[in-house]
Structure formats: structure tokens, C-alpha cells
Amino acid sequence: MALAGVRVIELAGLAPAPFCGMILADFGARVIRVDRTKGAMTVDTQARGKRSVALNLKNPKGVAVFKRLCVQSDVVLEPYRKGVMEKMGLGPEDLLKENPRLIYARLTGYGQSGSYAKAAGHDINYLAMSGLLSMLGRSSEKPYAPLNLVADFAGGGLMCAFGIVLALLERSRSGQGQIIDTSMVEGAAYVGSFMWKSRSLGLWNRPRGENMLDSGAPFYDTYCTSDGKYMAVGAIEPQFYQQLIKGLALDDADLPAQMSVSDWPQLRQTFTRVFATKTQAEWSRIFDGTDACVTPVLSLDEVLSHPHNQARGSFFKDSQGEISPRPAPVLSRSPAEPCHSRDPFIGEHTRSVLKEYGFEQAQIEQLLSAGIIECNEAKARL
Ligand SMILES: C[C@H](CCC[C@@H](C)[C@H]1CC[C@H]2[C@@H]3[C@H](O)C[C@@H]4C[C@H](O)CC[C@]4(C)[C@H]3C[C@H](O)[C@]12C)C(=O)SCCNC(=O)CCNC(=O)[C@H](O)C(C)(C)COP(=O)(O)OP(=O)(O)OC[C@H]1O[C@@H](n2cnc3c(N)ncnc32)[C@H](O)[C@@H]1OP(=O)(O)O
């Protein structure tokens, strides 16, 4: 796999950093998640392929163990508020001094500088600060955050993984590590570059929800079918729009021009009425195999059985029967091989990882009895 041999230490976080770690693990990195001790419960649902070490970083001996792990690693991934790592003596200066090849990835909402750097926040706040949230939502409605996909995952976890891969690539030339400052505000804004750089085209001149790509245009929207399901329509280009009209059995001569913005409400009413006359399956049969850019809106339960997704193996079932998306993109020679086993319990691999990193059995037992580490392999065997 592309990242085989890369050793990553991920400090347990909420959503973006776990996703970043999972991407790295899917593509072959050996990812160790460092969890808190004292009966902490994991909220990491993105733990595929990771091992867990339970380590108390509030204790200097725990900090020393962490440093020893980092000396032998390529990447450390930290998702805490600015200053938290430094307070524990684990800031980039401390760790890079001991391992100059280390890539120190910081994944926060507001980045490491600026007046918001230390503020708590979540996806919706970062999205708001990126400018994108102001553009999301239906006409005459308040801004609407599309789950926590844009800032947490696209602008955060994925962007950070990209930064790590860039830094690894650069290190192969320079031999040096570096610090990555991933701000989810900036990551989300960057993902939204199209919005910024297409403003001159007039694509976003109108209020929220009234533009071509934000549900303003009737040919770029969803429509309810007679069985209460939905179809997605993305028929932008005239030749594809014509196929939409044909599939709906409408006559273009009876309709206003596609790009007549003032007629969009009337056109939407027509499309709404027609889509409501057939079931989703019936519309799918009509539009499948055409270039009308019309597809069913599939639920998470339906995607696995869709013939196209099945043909590509786009989703897979792990050993627990849990379905999730296959890692993307697909590399021809060194594709990702997602782990099929269950997620780790907190501290399940503490002992084996410490041994792998050169700790003696007696040292491990001392750390255990002092409450610096926790070992939960027994729980894993139950
Ligand atoms: C919208 C999303 C978030 C969605 C997450 C939800 C899906 C989940 C949130 C709550 C979960 C539920 C809950 O946990 C209860 C159940 C638990 C059960 O197991 C499962 C079911 C639950 C219902 C569970 C279900 C779900 O999982 C939840 C609903 C986001 O936007 S995520 C993005 C958030 N933002 C960032 O990541 C940006 C950067 N980080 C931050 O800004 C802050 O970290 C943050 C997120 C604001 C949190 O601030 P906080 O004050 O809590 O922490 P920090 O200041 O960063 O400091 C960390 C402290 O922890 C210490 N520490 C770390 N590691 C160790 C260690 N190994 N040993 C000892 N101590 C450690 C560190 O020293 C810091 O201590 P201090 O505060 O003393 O300095």
C-alpha cells in the first residue's frame, strides 16, 4: 500500500483527526491512537485499522513514554486546542528536537494563530467563518450546515491527510520533518475556492438558494416521486437538459427557456408535478442509460445494492457486518486495503505497541502499576 512503513501517532480527538488517521491507515500507515486512561470511553467511530494505547499524558512518565513513541515515528497528529500540547511538554519544538524527521500535524478549527486560535468550536462555527455557510440553504431560509461534512471532514481531516502526504513527500528529498497547521476554517474555504473564483462569472449574484447550483435552478435540484422518494437532477448543459425534458415527456416548445431565471419558479412547478407521477424506480428506469444527469437519491441502506456501486465494490462489509465506503481514490498498483476487523478497544494494544517500540516487560509492568498506562487485551478477548 502507498503508505506502508509510515508510523503515525494520533492523539484521540472528536471527528476530523480520527478521519485523518483512518485515511492514513486505509492506505497502509501503521496508526496508533493514544487514548486517555481511567475508564475513558472512545467516541472514535473512524478507528478502522488503528491500534490503541491508553496513556496518561498528565503524568511526566506518560509524557516520556509518548516522546519515546514519537522518536520512532514519522507523524504525530494532534487535535487539541492551541497550547495544550505545549503545556504537556509535547509541543513541536520538544518533539522535533528529538526527531527532526517528525511530521507534526496540528488539526484545529481556527489554526495556531489569530484571536480565535484558543476558542472552542465545531464544524458549524468553522464553516460559518469560512464564508461558505452564508451560501448554503434554500431561498428565504436561514443558512443550513450540510451535516459536519465540509469543515470537519473535507476541510479538516482530509486536508490534514493531504498535508501529511505532502510533508512525507518533501521529507523524502530534504530528510526533514515539519509542522502542519491545519485550520478547518481555511481548509473549508479552500475547498470552496470554486465559489470565490467563479464569482466573476455571475454564478453567485443572487441571494442564497436562488442561484444555479444552490437549488435556485429547477434543473439542478431534487424532486419528490410518487412513493415519497427523491430524484436528483443535475441537467446543466443544454444537450443534457434536452434529455431531461425528453425523459419527463415534456415538450420544450411549451416550456420557458432553460436559462430564463425569472421563469425558474414556473419551470420548477412543472418538474415537481411531473416527477410526482411516478415512483423512484420508474424514473430510474427511464433515466438510466441516458445523459439526462438524473439519478435516484439513494439512502445509506440502498447504496450497497445499487448495480453500479456493486459492480465497482464501492462499499464493503467488515467482519462485524458494518457497511462503509471503500477508501477513495483507487490506486492501480497500490490500492488501499481497509482493515475488516472490529475497531480497537481503548488500551487494547498498549502492551504490544510498547514492546514493539522497545520497552522492556518490567518497564511496562511498572508503568501499569503506576497507572501511567492501561492494558485492555483481556477485554478484547471476551
Ligand atoms: C460536530 C463535530 C463533533 C461531533 C462529535 C460527536 C459525534 C460526539 C461529541 C460528543 C460525543 C458523545 C459523548 O462523548 C457521550 C457519549 C460517549 C459514548 O462513548 C458514545 C456516545 C456518546 C453520546 C458520544 C456520541 C458522539 O461521539 C458525540 C456526540 C465537530 O465539529 S468535531 C471538531 C471539534 N473541533 C476540533 O477538533 C478543533 C480542535 N480542538 C478543539 O478546539 C478542542 O479540542 C475542542 C474540540 C473544542 C474540545 O475542547 P476541550 O476543552 O475538551 O479539549 P482541549 O482544550 O483540546 O484539551 C484536551 C485536554 O485533554 C487532555 N488530554 C488529551 N489526551 C490526554 C491523555 N492521553 N491523557 C491525559 N490527558 C489528555 C489534554 O491535556 C487537555 O487537557 P487540559 O484541558 O487540562 O489542557
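These legends describe close-up views of one predicted protein model.

**Ground rules.** Residues are numbered from 1 along each chain, as its sequence is written. Because the model is predicted, local features need pLDDT of at least 70, side-chain atom pairs count only at pLDDT 80 or more, and totals for chains, interfaces and linings use all residues.

**View 1. The whole chain.** The protein chain has 15 helices and twelve strands. Helices (H or I, at least four residues) and strands (E, at least two) are DSSP runs, numbered from the N terminus. The C-alpha atoms fill a box of roughly 85 × 45 × 40 Å, taken along the principal axes. Of the 382 residues, 35% count as buried. Buried means that 20 or more other C-beta atoms lie within 10 Å of the residue's own; exposed means 12 or fewer, and partly exposed is in between, with C-beta atoms placed from the backbone. Two residues are in contact if their C-beta atoms, placed from the backbone, lie within 7 Å. Among contacts between residues at least 6 apart in sequence, 66% join residues at least 24 apart.

**View 2. Two domains.** The domain assignment, which is automatic or from a database, gives domain 1 (7-191 + 318-381) and domain 2 (220-315). Their centres, taken over C-alpha atoms, are 40 Å apart. Four residues of domain 1 are in contact with four residues of domain 2. On the domain 1 side, the touching residues divide into two nonpolar, one polar and one charged. Here Ala, Val, Leu, Ile, Met, Phe, Trp, Tyr, Cys and Pro count as nonpolar, Asp, Glu, Lys and Arg as charged, and the others, Gly among them, as polar.

View 3. All six residues of strand 5 (103-108) are buried. Ile-103, Ala-105 and Leu-107 lie on one side. Tyr-104, Arg-106 and Thr-108 lie on the other. In a regular strand the side chains alternate between the two faces of the sheet. Strands pair if DSSP finds at least two bridges between them. Strand 4 (75-78) runs parallel to strand 5, joined by four bridges. Strand 6 also pairs with strand 5 in the parallel sense, over six bridges. Tyr-104 is the bridge partner of Val-76, and the partner of Tyr-104 in strand 6 is Ile-179.

**View 4. The nonpolar cores.** A nonpolar core is a set of buried Ala, Val, Leu, Ile, Met, Phe, Trp, Tyr and Cys residues joined through C-beta atoms within 7 Å. The largest has 51 residues; Val-8, Cys-20 and Leu-24 are among those with the most contacts inside it. Helix 1 gives the largest share, seven residues. A second, separate core of 15 residues includes Ala-217, Tyr-223, Met-231 and Leu-244.

**View 5. Around Ala-29.** Ala-29 sits in the loop between helix 1 (16-26) and strand 2 (30-35). Ala-29 counts as buried because it has 27 C-beta neighbours inside 10 Å. Leaving aside neighbours within four places in sequence, Ala-29 is in contact with Leu-3, Val-6, Val-8 and Leu-24.

**View 6. Helix 7 under cover.** Six of the eight residues of helix 7 (184-191) are buried, including Met-184, Val-185 and Gly-187. The cover includes helix 1, helix 5 (123-130), helix 6 (149-174) and strand 6 (178-183).
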